[in-house]
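Morning, everyone. I will go through one model, a few places at a time. Please have a look at it first.

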Amino acid sequence: MNSELIPCKNSIVSEILRKCFEKKTLSKDEILLLLESKEDRFLFHVAFFLKEIYKKKTITYSRKIFINITNLCKDFCSYCTYRKEPYNRQAVMMYPNEILELAEKGKKYKCTEALIVSGERPEERYKEAKDWLRSLNFKSTAEYVSNISEKITKKTGLLPHSNLGNISKEEMKMLKDYNVSLGLMLESSTYRLREKGMAHEYAPSKDPGIRLETIENAGILKIPLTTGILIGIGENIEEIIDSILLIGNINSKFGHIQEVILQNFRPKTNTKMHNMPPPEDNLFLRLVAISRILLPTMNIQIPPNLSPLNYSSFIDAGINDWGGISPVTVDHVNPEFGWPDIKDIKKNTQSKNQILRARLPIYPEFIKKEFINPTLENYIDNLMDKDGLVKEEYLNEF
Ligand code: SF4
C-alpha cells in the first residue's frame, strides 16, 4: 500500500492518512478525527507500514527475571494490588542471598535481564522498611538496589534494569553504574487524576510534574529510559493523546526514551477501581496504531499477558516489542495475568510474517558510549550479537 492507494470513503481521513505516509506532523484535531473515524483498516495499514519502515520485520522481547525487591510503598493508587502493608503475609523485603539465588536461576534459564522493582520509597512510610534497609547498612531502597545490581551483574552477567518509582538525580547517577536502563511509567500527563475520587488522589508520586522531572533527569544523565502510559484509569481521549505527544516531545529533546509501553488498565478485585471497565479492545488497538503514527521511530511495547486473547492483533497496529517475559518468575505487578509461553509468542509473531528476537534490557540503538557506564560494556558485549540483540548461541545453549 502506498500514499496513492488510500481508498477511504472519507476524504478528510484519506488526507490525514496521506500526511502520515509523508511523515508530516498531524494537528491534535486530525489525530482525534483519525481515532474517531471508522476507517480502522486503513489506520492499521498505515501504522503497520510505518513499523516495517522503521523497525523492519523484527519484534523483540526481553528474557527476564522479575526481582520483587519490596512491595511496600508509600503511595496508594486506586487500582494497585502490588503494594502490601508490612503485616500482610504477601509483603516482601528481599535479602541479597535470595536475590542472587534468583539471579542464578535466571542465568540457568538464559535470561539476560534482571528487572528490579520496588514500591515508591517505602522507607519514607514504614519503620519495617527502614529497619530492613538499616540491617543491610543502607539508608534507601535506591542505595540497596544500586549495590545489589553490581552483585547481580558480577555474579551472573545478567543486566539490571530497575524501576523504583520517582528517584532523585543523584540516585539515578548511582544506579547507572550497574543498570543498563531504568524504568518509570509516566502513566498520564493529566493532573486531573490527582483530584478527589480519581486514581492518583493518594499517590503524590504520580503527580505528572514530578514524573516528568524524573524522566527529564534521566535524559540529562543519558540513561536509556523505559516509560509509557496506563490507559483507562480515568483519563479522556484527549488526555491520552497529550500523554503520547508529551513522551514524543521529551524524546525529541533528550533522545533517551528507549521504549514506550502502552498498558491497558485491568480492574482488580479488592481495589477501589474494581468496577471500572477496562478500555474497550478496539479503542485500545486504535490508540496503539495512533501511537505508532505519532512516534514512528520509537520502540512501542504492549504487554501480551494483559491481552491474552488477542495480543497478536497489536502487531497489525504497529508494535515492535512484547516487553519482558519471564520463564522463571511471575509478573508481580499483575500476578493474575500469566505471561504467554515464549513458544506461543514466537508462533503468533511468525503468523503475522514477523520475526521474534530476544533483546537485552537496553535497545540496540542505545548501545553506545554516552548511554552506557564503562563498567557494563563487557557484560553487554558478552551477550549481544552484531545487531545488538541477544546472541542466538546464548539462547541455544539452553
Ligand atoms: S502503583 Fe506503584 S506507586 Fe501506586 S500504589 Fe502501587 S506500588 Fe505504589
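I start with burial: a residue is buried if 20 or more other C-beta atoms lie within 10 Å of its own, exposed if 12 or fewer, and partly exposed in between, with C-beta atoms placed from the backbone. By that count H274 is exposed, because 12 other C-beta atoms lie within 10 Å.

Two notes on the source. This is a predicted model, where local features need pLDDT of at least 70 and side-chain atom pairs count only at pLDDT 80 or more, while totals for chains, interfaces and linings use all residues. Residues are numbered from 1 along each chain as its sequence is written.

Back to H274, which sits in the loop between strand 6 (257-264) and helix 10 (281-294). Helices (H or I, at least four residues) and strands (E, at least two) are DSSP runs, numbered from the N terminus. Leaving aside neighbours within four places in sequence, H274 is in contact with P267, K268 and T269; contact means that the C-beta atoms of two residues, placed from the backbone, lie within 7 Å. I247 is 27 residues from H274 along the chain, and their C-alpha atoms are separated by 28 Å.

Next, backbone angles. R121 is not a glycine, yet has a positive phi of about 25 degrees. R121 belongs to the loop between strand 2 (113-118) and helix 5 (127-135). Is R121 buried or exposed? R121 is buried, since 21 other C-beta atoms lie within 10 Å.

N353, also not a glycine, has a positive phi of about 65 degrees. Its loop runs between helix 12 (342-350) and strand 9 (355-359). With 9 other C-beta atoms within 10 Å, N353 is exposed.

Now a helix pair. Helix 6 (residues 141-156) and helix 7 (residues 169-176) pack at about 10 degrees, their axes 9 Å apart. Axes are lines fitted to C-alpha atoms, for helices over the stretch in contact, and angles run from 0 to 180 degrees between N-to-C directions. The two helices are therefore roughly parallel, the word for angles under 35 degrees. Helix 6 contributes A142, V145, S146 and S149 to the contact, and helix 7 contributes E171, M174 and L175.

Last, the ligand. Which residues surround the ligand? They are C73, D75, F76, C77, C80, Y82, R83, G119, E120, G165, A203 and S205, where near means a C-beta atom, placed from the backbone, within 6 Å.

Note on methods. Angles under 35 degrees count as roughly parallel, over 145 as roughly antiparallel, 65 to 115 as roughly perpendicular and the rest as oblique.
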